[in-house]
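The structure is shown first.

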Amino acid sequence: MHERSRVRFLERELNEELPLLIARGESEQLEFKSSFRWDRRQEKVNRSLQQVIVKTLAGFLNQEGGTLLIGVEDDGSIAGIEADMQTLKPANQDGFERLLMDTAKEGLGGHACALIHCRFHKLEEKIVCRVIVEKSLEPIYFSEGSVARFMLRAGNSTRELDVREAQAYLQHRGKVSI
């Protein structure tokens, strides 16, 4: 039954037309990020942007799942991921997906990667990465050094829960305490 539910979720997410999805705007299950690692203001690689992406993935995993569109500005305009790809070897979609998944594995653990799916789309002559994130049945923690943080999607943003909030949330979800 869980597998059927998972397949229906993925089919529903993939069947949604990207322009219509973007037109809906950010929500609890939809987030836009203009870039994965290329800081457009500083015009250089900024690895802290990657951590923001991984926190967003953790938030989706711990809530109801969702879609992250990389290469889309907050206002819905298309930025593309070409600048990100130029910083990679290989400088293509395969290199982008590999780095995204490696970064997710490092921050969330390998088991979380099975719930993260990448697809690439061309819009307005630019490439957008659609990251579809399934809901995790187990809590997923964002690891930063030796510190594990519990992230949760709340409205159209991702926030960190403190220990008491995380424990209450997990108990409410039917989980054993952290």
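The text below describes a predicted model, beginning with the sheet and ending with the salt bridges.

**Sheet and helices**

Four strands form an open sheet in the order β1-β4-β6-β5, and their pairing is mixed. At the edges lie β1 (30-33) and β5 (116-123), each of which pairs on one side only. On average, neighbouring strands of this sheet are turned by 20° against each other, direction ignored.

Within the sheet, β4 (residues 66-70) runs antiparallel to β6 (residues 126-133), and the two pair over 5 bridges. Leu68 has Val131 in β6 as its bridge partner.

Two helices that pack on the sheet can be described by their contacts. Helix α3 (residues 47-62) touches β1, β4, β5 and β6, and its direction makes about 165° with that of β4. Helix α5 (residues 93-108) touches β4, β5 and β6; the direction of α5 makes about 145° with that of β5.

**Salt bridges**

The structure holds 7 salt bridges.

| Asp94 | Arg98 | 2.4 Å |

Asp94 and Arg98 are both in helix α5, 4 residues apart, which is about one turn of the helix. Asp94 has 43% relative accessibility and therefore counts as partly exposed; Arg98, at 41%, is also partly exposed. Glu144 is partly exposed at 33%, and Arg149 is partly exposed at 22%. Because buried means under 20% relative accessible area, Arg149 does not count as buried.

Technical notes. Residues are numbered from 1 along each chain as its sequence is written. This is a predicted model: local features need pLDDT of at least 70, side-chain atom pairs count only at pLDDT 80 or more; totals for chains, interfaces and linings use all residues. Side-chain values use heavy atoms; hydrogens and water are left out. Two strands pair if DSSP finds at least two bridges between them. Axes are lines fitted to C-alpha atoms, for helices over the stretch in contact, and angles run from 0 to 180 degrees between N-to-C directions. Contact means heavy atoms within 4.5 Å. A salt bridge is a side-chain nitrogen of Lys or Arg within 4 Å of a carboxyl oxygen of Asp or Glu. Buried means under 20% relative accessible area, exposed over 50%, partly exposed in between (1.4 Å probe, protein chains only).
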